[in-house]
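Reader: Hello! Could you take me on a close look at the aromatic side chains here and how they sit against one another?

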Amino acid sequence: MTRRLKYPEAAEELGVEESWLRRHIKELPHKKVGRSVYFTDADLERIDALYHREPTAGPLAARPPQSATAGAHPLANLRPLPRRGRALTSVS
């Protein structure tokens, strides 16, 4: 039997706010009977695949966040490009 989840249950399953589901309903897979909106397990899987975000902290993060004392910022060595028509004279 297919589960039919209303907004509150679907929001809890997805770990989002119910208001987020309501705001984005036009973009999300869902079923509608009359004015009643519900989500199936397949809809929830598709929503999770569409809006999946990689964790930035915790045990599932790709790499642990760097502390302020870990060294220079990774983009600290970037320099702006020269103006148009000017040659790049030094690279450092």
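Author: **Aromatic pairs**

In this predicted model, the count of aromatic pairs comes to two. Tyr 7 counts as buried because its relative accessibility is 11%, under the 20% cut-off. Phe 39 is buried as well, with a relative accessible area of 0%.

Now for the other pair. Trp 20 and Tyr 51 are also edge-to-face, at 5.3 Å centre to centre and with 85 degrees between their planes. Here helix H2 (residues 18-23) supplies Trp 20 and the segment after H3 supplies Tyr 51, so the pair links parts 31 residues apart in sequence. Trp 20, at 19% relative accessibility, counts as buried, whereas Tyr 51, at 29%, counts as partly exposed.

Back at Tyr 7, there is one more neighbour to look at: Arg 22 lies over the face of the Tyr 7 ring, at 4.0 Å from the ring centre.

Finally, have a look at Thr 40, in the loop between strand E2 (36-38) and helix H3 (41-50). Thr 40 has 9% relative accessibility and therefore counts as buried. Leaving aside residues up to four places away in sequence, Thr 40 touches Thr 2, Arg 3 and Lys 31.

Technical notes: Residues numbered from 1 in each chain as written. Predicted model: local features only at pLDDT ≥ 70, side-chain atom pairs only at ≥ 80, totals over all residues. Heavy atoms only, no water. Helix = DSSP H or I, 4+ residues; strand = E, 2+ residues; numbered from the N terminus. Buried < 20%, exposed > 50% of the residue type's maximum accessible area, 1.4 Å probe, protein only. Contact = heavy atoms within 4.5 Å. Phe/Tyr/Trp six-rings, centres within 6.5 Å; stacked < 30°, edge-to-face > 60°. Lys NZ or Arg CZ within 6 Å of the ring centre and 35° of its normal.
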